[in-house]
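Here's a quick tour of a protein model, written for someone new to reading structures. Have a look at the picture first, and then we'll go through it topic by topic.

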Amino acid sequence: MTPLEDLVARVAAKAKATSTTLPPAATAEELASAEAVLGFALPPLLASLYRDVANGGWGPDYQLLPLVGSGRTVLSEYRSERSASAEETTPYWPAGVLPILDWGCAMYAAVDCRTETAPVLLFEPNAIDDDGAAAWFVDGESLAEWLETWLAEKGWYREDAADDEDVKEPTPWEQAASRIAE
């Protein structure tokens, strides 16, 4: 078993143990269609999660959005945020950054699909002043690291996180301004 397969298996086990009802996994055809609509490929780990675990409905707190389907999906939220950002005098949403989880209050966990390690970013719109880049933070140097944090129950989003000195706080995303300007 490869490290990626092992991680996906552990995520699947926790997803099944912590979610009352998981939706069916996305099919290979749905993944290919989503990538065609997006115009870029999903990172291999993210694709595997949607294909081998479930089409959303698991994960930290508010749980991953479905990739495809009816209602709010990764695809619909990405298109919505990219369109809204393009209309603003202060653009804020970079191309290739997929919102995968809605934390509430318009905050998202998002995956940078243009970077090999697929960092997980935190979008915090309340930080936008006259600089859209100020809203972006690194929550995990890679999607794998972010998932390991969730599996270990060490995320900043936990209610008791303030009591845990091992919790890693998100840091500003240094590439945000250049990526938004693309």
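Let's start with Trp136, which counts as buried because its relative accessibility is 1%; "buried" means under 20% relative accessible area, "exposed" means over 50%, and "partly exposed" is in between, using a 1.4 Å probe and protein chains only. Keep in mind that this is a predicted model, where local features need pLDDT of at least 70 and side-chain atom pairs count only at pLDDT 80 or more, while totals for chains, interfaces and linings use all residues. Residues are numbered from 1 along each chain as its sequence is written, and side-chain values use heavy atoms, with hydrogens and water left out.

**Aromatic rings**

- Trp136 pairs with Trp173 in an edge-to-face way, with 5.9 Å from centre to centre and 65° between the planes. Rings of Phe, Tyr and Trp (its six-membered ring) pair if their centres lie within 6.5 Å; planes under 30 degrees apart are stacked, over 60 edge-to-face, and the rest tilted.
- This pair links distant parts of the chain, 37 residues apart: Trp136 belongs to strand 4 (residues 136-140), and Trp173 to the loop between strand 5 (171-172) and helix 6 (176-181). Helices (H or I, at least four residues) and strands (E, at least two) are DSSP runs, numbered from the N terminus.
- Trp173 is buried too, with a relative accessible area of 6%.
- How many aromatic pairs does the rule give? The count comes to 9.
- Trp93 and Phe123 make another of these pairs, with ring centres 5.0 Å apart and planes at 65°, so this one is edge-to-face.
- Trp93 sits in the loop between helix 4 (74-87) and strand 1 (97-104), while Phe123 is in strand 3 (residues 120-123), 30 residues apart. Both Trp93 and Phe123 are buried.
- Ring pairs tie Tyr92, Trp93, Tyr108, Phe123, Trp136 and Trp173 into a cluster.
- Over at Trp150, the charged end of Lys14 sits over the ring, 4.6 Å from its centre. The rule here is that NZ of Lys or CZ of Arg is within 6 Å of the ring centre and within 35 degrees of the ring normal.

- Two strands pair if DSSP finds at least two bridges between them.
- Strand 1 and strand 2 run antiparallel and are joined by 6 bridges. Leu101 has Ala109 in strand 2 as its bridge partner.
- These two strands form a hairpin with 2 residues between them, and Cys105 in the turn has a positive phi of about 55°.
- Strand 1 is mostly covered, with 8 of its 8 residues buried.
- Strand 4 and strand 5 pair in the antiparallel sense over 2 bridges, and Val138 has Thr171 in strand 5 as its bridge partner.

- In helix 3 (residues 44-52), the buried residues include Leu45 and Leu49. The helix's buried residues pack against helix 1, helix 2, helix 4, strand 1, strand 2 and helix 5.
- Leu45 is buried, with a relative accessible area of 10%. Leaving out residues up to four places away in sequence, Leu45 touches Leu4, Leu7, Val8, Leu143, Ala144 and Leu147; contact means heavy atoms within 4.5 Å.

**Around Ser19**

- Ser19 lies in the loop between helix 1 (3-18) and helix 2 (28-38). At 10% relative accessibility, Ser19 counts as buried.
- Beyond its neighbours within four places in sequence, Ser19 is in contact with Gly57, Trp58 and Gln63.

- Ala118 isn't a glycine, yet has a positive phi of about 55°. Ala118 is in the loop between strand 2 (107-112) and strand 3.
- Glu153 isn't a glycine either, and has a positive phi of about 55°. Glu153 is in the loop between helix 5 (143-151) and strand 5.
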